[in-house]
Amino acid sequence: MNLPPLTQRFVLHFGEMGSRWGINRTVGQIYALLYVSAKPLNADEIGEALTFSRSNVSMGLKELQSWNLVRLIHQPNDRREYFQAPEDVWAIFRTLAAERRKREIDPTLSMLRDALMEQPSVAEDIHAQERMKQMHAFIELMTDWLDDVQKMDSTTLASLMQLGAKVQKLLEMKDRVKSVFTPAKSDTDGVDHGQL
């Protein structure tokens, strides 16, 4: 690799991490190079920088385009295709989340919905279906949350992420305020279950 040391370290690390995320090393390295590059690169420049064959670069770029992680750019008076990664990390997060949902979560939800429509007749399947119902509810809750997150602009999303554990404190305060303004309830034993 003919890259400056810091860039080379990032590219090599991203290649290793890519294989853990389900993409091959070549694709991870191409993406990392495009991400840190100050300008769009063409396939020849990518191949030269990473010492990859033209066919490996071409296949890697096609994979990245299928994930919507790189965009094709045409330069004036140049017939070559150039590629660039989005600069906004939140846009990258949104793209990855949407693509992973389409490829992994949606098929699982579809399978679970089909399984929940069945009428199991044996105890093991009744138990299994109950567990599937819990999983379906959890995944639906997560995807609904992700849909809400996807609609947020980058500044709002960054603010939300920075809140961290403060969100829990906010929810606890909301519950305390709610208990103050909610009339006390009594049950049949006469014990007041309102405010503490």
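How many nonpolar, polar and charged residues does the lining of the second largest pocket have, by class? I opened my notebook with that. I note at the start that the model is predicted.

**Entry 1: the second largest pocket**

I counted the lining by class and got 3 nonpolar, 3 polar and 5 charged residues. I then looked up the space, and about 200 Å³ lies in this second largest pocket. Its lining is made by Asn42, Ala43, Asp44, Arg54, Ser58, Leu61, Lys62, Gln65, Arg80, Glu81 and Phe83. I asked which elements give two or more residues to it, and found helix H3 (43-50), H4 and strand E3 (81-84). H4 has the largest share of this lining, with 5 residues.

**Entry 2: the largest pocket**

Next I went to the largest pocket, which holds about 240 Å³ of space. I listed its lining as Phe14, Trp21, Ile23, Val27, Tyr31, Glu63, Leu64, Trp67, Leu69, Ile92, Leu96 and Arg100. Helix H2 (25-36), helix H4 (54-66) and helix H5 (89-117) each give two or more residues to that lining. H5 gives the most, with 3 residues. By class I found 10 nonpolar residues, no polar ones and 2 charged ones in the lining of the largest pocket.

**Entry 3: the nonpolar core**

Which residues touch the most other members of the largest nonpolar core? I looked through its 25 residues and wrote down Ile30, Tyr31, Leu33, Leu34, Ile46, Leu50 and Leu61. Helix H1 (5-20), H2, H3 and H4 each supply at least two residues of this core. H2 gives the most to the core, with 6 residues.

Some names came back from earlier entries. Tyr31 is in the lining of the largest pocket, and Leu61 and Phe83 are in the lining of the second largest pocket.

**Entry 4: aromatic pairs**

I turned to the rings and counted 5 aromatic pairs. In one of them, the rings of Phe10 and Phe14 have their centres 5.2 Å apart. Their planes stand at 40°, so I logged the pair as tilted. Both residues lie in helix H1, 4 residues apart, which is about one turn of the helix.

Trp90 and Phe93 came next. Their pair is edge-to-face, with 6.4 Å centre to centre and 80° between the planes. Trp90 and Phe93 are 3 residues apart in helix H5, about one helical turn. Trp90 counts as partly exposed at 21% relative accessibility. Phe93 is partly exposed too, with a relative accessible area of 34%.

**Entry 5: Glu130**

My last stop was Glu130, in helix H6 (residues 123-151). How is Glu130 placed, buried or partly exposed? I found a relative accessible area of 39%, so Glu130 is partly exposed. I then looked at Leu116, which is 14 residues from Glu130 along the chain. The C-alpha atoms of Glu130 and Leu116 are separated by 8.5 Å.

Terms used:
Residues are numbered from 1 along each chain as its sequence is written. This is a predicted model: local features need pLDDT of at least 70, side-chain atom pairs count only at pLDDT 80 or more; totals for chains, interfaces and linings use all residues. Side-chain values use heavy atoms; hydrogens and water are left out. On a 1 Å grid over the protein atoms alone, a cavity is a set of points where a 1.4 Å probe fits but cannot get out, and a pocket is an open set with protein on both sides within 12 Å along at least five of seven lines; lining residues have an atom within 4 Å of a point. Grid points are joined across faces, edges and corners, and a volume is the space filled by probe spheres set on the points. Ala, Val, Leu, Ile, Met, Phe, Trp, Tyr, Cys and Pro count as nonpolar, Asp, Glu, Lys and Arg as charged, and the others, Gly among them, as polar. A nonpolar core is a set of buried Ala, Val, Leu, Ile, Met, Phe, Trp, Tyr and Cys residues joined through side-chain atoms within 4.5 Å. Buried means under 20% relative accessible area, exposed over 50%, partly exposed in between (1.4 Å probe, protein chains only). Rings of Phe, Tyr and Trp (its six-membered ring) pair if their centres lie within 6.5 Å; planes under 30 degrees apart count as stacked, over 60 as edge-to-face and the rest as tilted.
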